[in-house]
Amino acid sequence: MNEGSSPFPEQPAQKHKKAEQEVVKIDWEEIEKIIRRYEAGHEALLMIMQDISDSYNYVPPQVVPFLVEKLGVKESLIYSVATFYKTISLEPRGRFVVNVCTGTACHVRGAERVMDALEDKLKIKAGETTDDLSFTLETVRCVGCCATGPVITVNQETHGGLDRSGAVRLIEEYAEDVLQQEG
Ligand code: FES
């Protein structure tokens with residue numbers, strides 16, 4: 001593998017470092033379209049924020065005042081939604097969000113070892129995002145596949161029966177996807 005193009009950071013990532021360095025380019029037409037889809041109803045705030053998250057992997061901060069104006073909601077409500085719902089973030093997240101299940105069944109089957117292996121591989125801690133925005137590592141409490149633990153989810157996909165090396169191999173496969181897409 002070409003070292004220079006590796007999606008794995010050589011240095012530990014600083015949480016949300018990219019957020020300070022870059023202002024993401026917003027497609028305002030697309031944001032308007034999402035809002036119109038829900039008829040600009042303030043009661044649809046959660047769904048609107050989720051759709052924006054699906055497009056950008058997070059809700060870019062510059063969108064917040066726009067939502068306030070268009071939906072007539074308080075800025076504090078937007079922050080509350082982002083705090084309460086794990087799938088919505090106001091800070092950049094990786095293309096792949098990796099959740100390690102730390103529920104009891106996965107815990108007794110070795111979730112901690114899986115988490116250690118992923119932290120070592122990605123050089124980030126739980127709650128952080130790699131500098132290249134490829135991966136975000138998080139924890140989750142039981143995803144309902146306890147019999148196949150330890151379990152991790154990567155975006156919408158669930159993977160069970162992992163040990164340290166299996167988890168690392170899996171992440172390498174996703175990293176390969178990143179490289180292929182970047183061409
Ligand atoms: S405890 Fe991990 S899936 Fe249930």
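Modeller: The bridge partner of V100 in β3 is I152. This model is predicted: local features need pLDDT of at least 70, side-chain atom pairs count only at pLDDT 80 or more, and totals for chains, interfaces and linings use all residues. Residues are numbered from 1 along each chain as its sequence is written.

Biologist: What makes β1 and β3 a pair?

Modeller: Two strands pair if DSSP finds at least two bridges between them. Here 3 bridges join β1 to β3, and the strands run antiparallel, so they pass that cut-off. β1 also pairs with β2, in the parallel sense, over 6 bridges, and V100 stands opposite T139 there. Strands are DSSP runs of E with at least two residues, while helices are runs of H or I with at least four, all numbered from the N terminus.

Biologist: Why is β1 (residues 96-101) called largely enclosed by the rest of the structure?

Modeller: A residue is buried if 20 or more other C-beta atoms, placed from the backbone, lie within 10 Å of its own, exposed if 12 or fewer, and partly exposed in between. In β1, 6 of the 6 residues are buried, so the strand counts as largely enclosed. F96, V98 and V100 point one way, and V97, N99 and C101 the other way.

Biologist: And K123, why is it called partly exposed?

Modeller: K123 has 16 other C-beta atoms within 10 Å, so it is partly exposed. K123 sits in the loop between α7 (111-122) and β2, with a positive phi of about 60 degrees although it is not a glycine. C142, in the loop between β2 and β3, likewise has a positive phi of about 60 degrees without being a glycine. With 15 C-beta neighbours inside 10 Å, C142 is therefore partly exposed.

Biologist: How do you know that α2 and α3 meet, and which residues do it?

Modeller: Contact means C-beta atoms, placed from the backbone, within 7 Å. E30, I31, I34 and I35 of α2 meet I48, D51, I52 and S55 of α3. By class, this contact has 5 nonpolar, 1 polar and 2 charged residues; Ala, Val, Leu, Ile, Met, Phe, Trp, Tyr, Cys and Pro count as nonpolar, Asp, Glu, Lys and Arg as charged, and the others, Gly among them, as polar.

Biologist: At what angle do α2 and α3 pack?

Modeller: About 145 degrees, with the axes 9 Å apart. Axes are lines fitted to C-alpha atoms, for helices over the stretch in contact, and angles run from 0 to 180 degrees between N-to-C directions.

Definitions and conventions: Two residues are in contact if their C-beta atoms, placed from the backbone, lie within 7 Å.
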